[in-house]
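Please read this report alongside the sequence and the coordinates. It covers confidence, fold, packing and backbone geometry.

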Amino acid sequence: MSVKLDAFNKGRMLARSAVPFVTRTLVTDSKQQPTETQQFSAIVVGAGAAGIATTGSLLDILGHGSRIAWVDPDFRGGRINACYREVPSNTIAQTFLDYGKGFESFRRAAQAIPKPNGLTKMEALEAKSTCSLHHAGDMLRRSRMGCAAMGGCRV
Ligand SMILES: Cc1cc2nc3c(=O)[nH]c(=O)nc-3n(C[C@H](O)[C@H](O)[C@H](O)COP(=O)(O)OP(=O)(O)OC[C@H]3O[C@@H](n4cnc5c(N)ncnc54)[C@H](O)[C@@H]3O)c2cc1C
């Protein structure tokens, strides 16, 4: 099994374990003083492959428009975009596509985002071939933007 599917399954498991909890988070000013309290259905920490899968799974389970606090210092799509965009993948395009279409929320987001985008470019690649990781990085960015538009709340 590829590393990417591990991140996908990790996301699904994390989302399932998060559902029963209603969490609260504090909004703070620049000096970290609490200014107000907001209520969220879940908090997702990290917007790499695993965090994006977790948020996608939560949106499927909780419903689109649900309030999810999503925390990441830069929202660039994790290590793949930060460090490995020029590295050849060891994962075939079809496996990346299985991730990119793995949740109803990802599939809905794909319809809403103008084409060509990270997913449609991945679809154009040879399914059984590996590719440059920038293709996976672009697809992750698209999935992350789609989740944010459907309820993930960037903090
Ligand atoms: C050279 C190389 C090649 C690779 N090739 C492939 C490949 O071909 N196929 C494949 O599937 N995988 C590949 N990988 C593995 C892939 O990079 C990882 O599996 C993937 O990035 C893991 O995703 P993740 O979300 O768990 O972590 P990350 O991608 O590391 O994302 C973690 C996110 O959490 C955020 N974060 C961290 N700490 C905090 C905090 N305290 N608060 C808030 N946010 C935080 C970070 O900013 C980041 O956005 C490769 C890795 C390397 C090194």
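## Model and confidence

This is a predicted model; local features need pLDDT of at least 70, side-chain atom pairs count only at pLDDT 80 or more, and totals for chains, interfaces and linings use all residues. Residues are numbered from 1 along each chain as its sequence is written.

The protein chain averages a pLDDT (the predictor's confidence in each residue, from 0 to 100) of 83. At least 70 is reached by 76% of the residues. Residues 19–23 fall below 50. Beyond near neighbours in sequence, that stretch has seven contacts in the model (C-beta atoms, placed from the backbone, within 7 Å). Where pLDDT is low, the predicted coordinates should not be read in detail.

## Overall fold

The protein chain holds seven helices and five strands. These are DSSP runs, numbered from the N terminus: helices are H or I with at least four residues, strands E with at least two. Their order along the sequence is α-β-β-β-α-β-α-α-α-α-α-β.

Of the 155 residues, 37% are buried. Buried means 20 or more other C-beta atoms within 10 Å of a residue's own, exposed 12 or fewer, and partly exposed in between, with C-beta atoms placed from the backbone. Among contacts with a separation of 6 or more, 76% link residues 24 or more positions apart.

## Strands E3 and E4

Strand E3 (residues 42–45) has two faces. Ala-42 and Val-44 form the covered one; Ile-43 and Val-45 form the uncovered one. E3 runs parallel to strand E4 (residues 68–71), joined by four bridges. Pairing requires that DSSP finds at least two bridges between strands. Val-44, on the covered face, has Trp-70 of E4 as its bridge partner.

## Helices H2 and H5

Helix H2 (residues 49–62) packs against helix H5 (residues 104–112) at about 100 degrees, with axes 7 Å apart. Axes are lines fitted to C-alpha atoms, for helices over the stretch in contact, and angles run from 0 to 180 degrees between N-to-C directions. H2 is therefore roughly perpendicular to H5, a class that spans 65 to 115 degrees.

H2 contributes Gly-56, Leu-59 and Asp-60 to the contact; H5 contributes Glu-104, Ser-105 and Phe-106.

## Backbone exceptions

Most residues other than glycine have a negative phi, and most peptide bonds are trans. Phe-75 is not a glycine, yet its phi is positive, about 55 degrees. Phe-75 lies in the loop between E4 and helix H3 (79–83). With 19 other C-beta atoms within 10 Å, Phe-75 is partly exposed.

Lys-115 and Pro-116 are joined by a cis peptide bond, with omega about 0 degrees. Pro-116 sits in the loop between H5 and helix H6 (118–123).

Definitions and conventions:
Two residues are in contact if their C-beta atoms, placed from the backbone, lie within 7 Å. Angles under 35 degrees count as roughly parallel, over 145 as roughly antiparallel, 65 to 115 as roughly perpendicular and the rest as oblique.
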